[in-house]
Amino acid sequence: MTTHSKPLPLRSAVIGASVLALAALAGCSAPAAGAQTGAAASDAPSTAREVRAPRVVVSYDGGLLVLEGDSLEVAADVPLDGFLRLNPAGDERHVMVSTDDAFRVLDTGVEIDRHGDHAHYYAEEPELTELSFAAEHPGHVTTHAGITALFADGTGRVELLDPAALDPDARDGDDVDEPEVTVYESAEAHHGVAVALEGGGLLTTFGDSEAHTGAVVLDAARTEVVRSEQCPGVHGETVAADGVIVIGCENGALVYRDGIFTKVAAPDAYGRIGNQAGSPESPVVLGDYKVDAAAELERPQRVSLIDTATATLRFVDLGTSYTFRSLARGPHGEALVLGTDGAIHVIDPDTGEVAQRIAVVDAWTEPTDWQEPRPALEVRGHRAYVTDPAADAIHVVDLESGEITASASLPQTPNELTTVGE
């Protein structure tokens, strides 16, 4: 069932965030607050100082760490209970934090000031804001076509909003305290995902608590346009070049391109692709690949490459296992996999060849409980961020040179990882 009416206001939960004072960035040669000169500083917040990169957010058992994107110094330690999941909110500044019963909004405090081909970053104090999207079992967060979609697994409710409205200054002229959302109600609750489409359409999964088997596309009036029921165990999504959307299945993948769903079949009866990483630079999507439906924990050593242009599937044998936090894409469309051997494996998505292996952390073993910390990989621009829970550390790798450019010890054991910025 669908509701498509006047956008509804978000629910707020006022939670006082204890945030440490902003740490000084070591070796930063940027001018102090109020001292910026020239066009690059004209639009910057008056209380901000210039930094060299957007920020990184790491979750731990009991809160969030906001780190400077180049030095990895702690900008803030934000206490917050529960198992916390992290996703970019879609506006280059905020992060959606999934708690037990809501999507919370974290302001990383970094504003991007663009002048032609150049971008300057200005940092203020991070803050866990008062904005909250109540949700029963908060699930996937996606950003596409300028819209952020939040999916609540416990109800099947989808909330859609313009992420620019997360900034209070953007709402001043509307005389409202909160952003507005548009709601879509799935027919039944299930572990699913939704993706906003150009022109107001929506791609979303369907199913129930026992099984979720496909995806449907709705137009702006929420009238069904096309559906596919060829995706048992539907899980996860990503976007490839030309806005092509890929959904994972337990027998391959589902590609949505030019208004049509195309099935990419796995060669195995059970060939699960549940986590994917796409890039606007490549028509090929990187995915995981598992073949043992009965395994409590399968540690695969192959990844999948889904060619959205030809609807074909190939595999790359890495010689090492990996996890759902191991997949990312580089600035040129490279497929990146953080292996349990401690290295980032750089794959050419067109040939399937492993072009480079960048050693970052010691070898590790995936824990049985999926919520337990394990090394995570996140890429922003040419920087790859890798957490090392065994050492309570984090590293930055320059993907152009393959060199580790910064490492830092953390006051807590890192779990989830995300970044913001362009």
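Tutor: Let's begin with a definition: buried means under 20% relative accessible area, exposed over 50%, and partly exposed in between (1.4 Å probe, protein chains only). This is a predicted model, where local features need pLDDT of at least 70 and side-chain atom pairs count only at pLDDT 80 or more, while totals for chains, interfaces and linings use all residues. Residues are numbered from 1 along each chain as its sequence is written, and side-chain values use heavy atoms, with hydrogens and water left out.

Student: Why are Asp 258 and Arg 257 called a salt bridge?

Tutor: The term means a side-chain nitrogen of Lys or Arg within 4 Å of a carboxyl oxygen of Asp or Glu. This pair has N to O at 3.9 Å, so it qualifies. Salt bridges with shared partners also join Arg 93, Asp 107, Glu 111 and Glu 124 into one network.

Student: How do you know that Glu 124 and Arg 93 form a salt bridge?

Tutor: Their side chains meet at 3.4 Å, N to O, so the distance passes the test. Glu 124 sits in the loop between strand 10 (118–123) and strand 11 (127–134), and Arg 93 in the loop between strand 6 (85–88) and strand 7 (94–98), so the pair ties together parts 31 residues apart in sequence. Strands (E, at least two residues) and helices (H or I, at least four) are DSSP runs, numbered from the N terminus.

Student: Is Arg 93 buried or exposed, and why?

Tutor: Buried: its relative accessibility is 16%, so it lands under the buried cut-off.

Student: Why does Ser 59 count as buried?

Tutor: Ser 59, in strand 3, has 2% relative accessibility, so it is under the cut-off.

Student: What does Ser 59 touch?

Tutor: Leaving out residues up to four places away in sequence, its contacts (heavy atoms within 4.5 Å) include Leu 64, Leu 84, Thr 413 and Glu 416.
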